Amino acid sequence: MKILRIDRQDALNGAVYKNLEDLREALIDFHSIDYDDHFDEGEKYKPIKNFTLKEILNWGEWDYEKITDEEAKQYDDYR
């Protein structure tokens, strides 16, 4: 089984990950560059590195789908 990243904004679809933790870490890394710039003053701060998978998916408007190893072969972006 593999994990297919889905961008709910339709900008960066098609990346395949080995597992959910790899997806979580990649999304945190991707968003860590601009996370503090989008933080609302007065909002309780939580370091992005502590986000759960569900939190980073919601924050960045992502989703995922579990796919078979065979289905994963159709994607070029394999991480």
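Reader: What does the chain have in the way of helices and strands?

Author: This predicted model has 3 helices and 4 strands. Along the sequence they follow the pattern β-β-α-α-β-α-β.

Reader: And roughly what box do the C-alpha atoms fill?

Author: Roughly 45 × 20 × 15 Å, taken along the principal axes. Of the 79 residues, 30% count as buried.

Reader: In what order do the strands sit in the sheet?

Author: The order is 3-1-2-4, in an open sheet with mixed pairing. Strand 3 (62-67) and strand 4 (77-78) are at the edges with a single partner strand each, so one side of each has no neighbour in the sheet.

Reader: How many bridges join strand 1 to strand 2?

Author: There are 2, and the two strands run antiparallel. Leu4 has Val16 as its bridge partner in strand 2, and Ile3 has Tyr17 there.

Reader: Which residue is the partner of Ile3 in strand 3?

Author: Lys66 is the bridge partner of Ile3 in strand 3. Strand 1 and strand 3 are also antiparallel, with 6 bridges between them.

Reader: Is strand 1 largely enclosed or left open?

Author: Strand 1 is largely enclosed by the rest of the structure, because 5 of its 6 residues are buried.

Reader: Switching to helices. Which strands does helix 1 lie across?

Author: Helix 1 lies across strand 1, strand 2 and strand 3, and its angle to strand 3 is about 155 degrees.

Reader: What about helix 2, which of its residues are buried?

Author: Leu53, Ile56, Leu57 and Gly60 are the buried residues of helix 2. Viewed down the helix axis they fall within an arc of 105 degrees, so they line one face of helix 2.

Reader: What covers them?

Author: The cover over the buried residues of helix 2 includes helix 1 and strand 3.

Reader: Which residue follows helix 2?

Author: Glu61 does, and its phi is positive, near 60 degrees.

Reader: Back to the inside. How many residues are in the largest nonpolar core?

Author: The largest nonpolar core has 13 residues. Those with the most contacts inside it are Leu23, Leu27, Ile48, Phe51, Ile56 and Leu57. Strand 2 (15-17), helix 1 (20-32) and helix 2 (53-60) are the elements that give two or more residues to this core.

Reader: Take Ile56 from that list. What does Ile56 touch?

Author: Leaving out residues up to four places away in sequence, Ile56 touches Arg24, Leu27, Ile28, His31, Ile48, Phe51 and Trp62.

Reader: Trp62 is aromatic. Which residue does Trp62 form an aromatic pair with?

Author: With Phe30, in an edge-to-face arrangement. The ring centres are 5.9 Å apart and the planes are at 85 degrees. The count of aromatic pairs comes to 1.

Reader: Which parts does the pair tie together?

Author: Phe30 lies in helix 1 and Trp62 in strand 3, so the pair ties together parts 32 residues apart in sequence.

Reader: Does Trp62 count as buried or exposed?

Author: Trp62 counts as buried, because its relative accessibility is 4%. Phe30, at 44% relative accessibility, counts as partly exposed.

Reader: Last one. Of the contacts between residues at least 6 apart in sequence, what percentage join residues at least 24 apart?

Author: Among those contacts in the chain, 59% join residues at least 24 apart.

Conventions. Residues are numbered from 1 along each chain as its sequence is written. This is a predicted model: local features need pLDDT of at least 70, side-chain atom pairs count only at pLDDT 80 or more; totals for chains, interfaces and linings use all residues. Side-chain values use heavy atoms; hydrogens and water are left out. A nonpolar core is a set of buried Ala, Val, Leu, Ile, Met, Phe, Trp, Tyr and Cys residues joined through side-chain atoms within 4.5 Å. Buried means under 20% relative accessible area, exposed over 50%, partly exposed in between (1.4 Å probe, protein chains only). Contact means heavy atoms within 4.5 Å. Two strands pair if DSSP finds at least two bridges between them. Axes are lines fitted to C-alpha atoms, for helices over the stretch in contact, and angles run from 0 to 180 degrees between N-to-C directions. The arc is that of the directions from the helix axis to the C-beta atoms. Rings of Phe, Tyr and Trp (its six-membered ring) pair if their centres lie within 6.5 Å; planes under 30 degrees apart count as stacked, over 60 as edge-to-face and the rest as tilted.
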